[in-house]
Amino acid sequence: MTAEAPTTAPHTPPPGARRRLRAAWTALHTPVPGVPRWARIAARAVPLIVLPSSAWRIATCTLHVPLDGGSRPDSGNLPWWLPLELYVVLLSAVSELLALSALGLVARWGEVFPRWLPVLRGRRVPVAAAVVPAALGAVALVCLTALFTVMLSLGRTVQGRPLGDGIPVFAGDWHTVVLLACYAPLLLWGPLLAAVTVAYWRRRSSGAHACTG
């Protein structure tokens, strides 16, 4: 009889990879000392409020789940080489990455450049380098979500074109409920990001003043 080689569960990452993933996840979410509790909650909430809309887009446009009432998705002005299914996945991935960047306003990697950056590693992040993009992003999000809400209530797209009859927001059934439940949280993205940005600026500014004194 020959001894059988030990088998491992399929698709199971090695222990070293799991430890690195846990360490990266912890570093991504662990707040620095001095962050108010409300700021921690707000920063962690941002990726969660963006997730439902991303999931709805992928399910509807990429996986063709009939959450939109069976209406035909419009590819708009996309180039011929970019399928709508792929575009929606890329858009959702970028949205989630931008939402995760809010965690940098409460975690250490938002104050000190991570070690994997070849030139900036270990250096302090300038306050303006974090506050200015975050503040501009918050203002843009508030304006865009307000514009989207107003145009939707008028039955038009953001570009001003009339919406089709098959849009689920006008269906008045469970498709409308699902759509609103997935997209309504996006109204909080801009205000939450603005609040966390102010908390970041106040904390970093007070720390700089303390060091100067």
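Tyr183 is partly exposed, with a relative accessible area of 21%; the class runs between buried (under 20%) and exposed (over 50%), using a 1.4 Å probe and protein chains only. Trp56 counts as buried, at 11% relative accessibility.

The structure holds 1 aromatic pair. Trp56 and Tyr183 form it, edge-to-face, at 5.7 Å centre to centre with 80° between the planes. Rings of Phe, Tyr and Trp (its six-membered ring) pair if their centres lie within 6.5 Å; planes under 30 degrees apart are stacked, over 60 edge-to-face, the rest tilted. The pair links distant parts of the chain: Trp56 sits in helix 2 (residues 37-62), Tyr183 in helix 5 (residues 174-183), 127 residues apart. Helices are DSSP runs (H or I, at least four residues), numbered from the N terminus.

## Model basis

This is a predicted model: local features need pLDDT of at least 70, side-chain atom pairs count only at pLDDT 80 or more, and totals for chains, interfaces and linings use all residues. Residues are numbered from 1 along each chain as its sequence is written, and side-chain values use heavy atoms, without hydrogens and water.

## Nonpolar cores

The largest nonpolar core has 26 residues; Val50, Leu105, Val106, Trp189, Leu193, Val196 and Tyr200 touch the most other members. Such a core joins buried Ala, Val, Leu, Ile, Met, Phe, Trp, Tyr and Cys residues through side-chain atoms within 4.5 Å. Helix 2, helix 4 (127-153) and helix 6 (189-212) each supply at least two residues of this core. Helix 2 gives the most, with 6 residues.

Apart from this core lies another, of 5 residues, among them Trp56, Ala59, Leu179 and Cys182.
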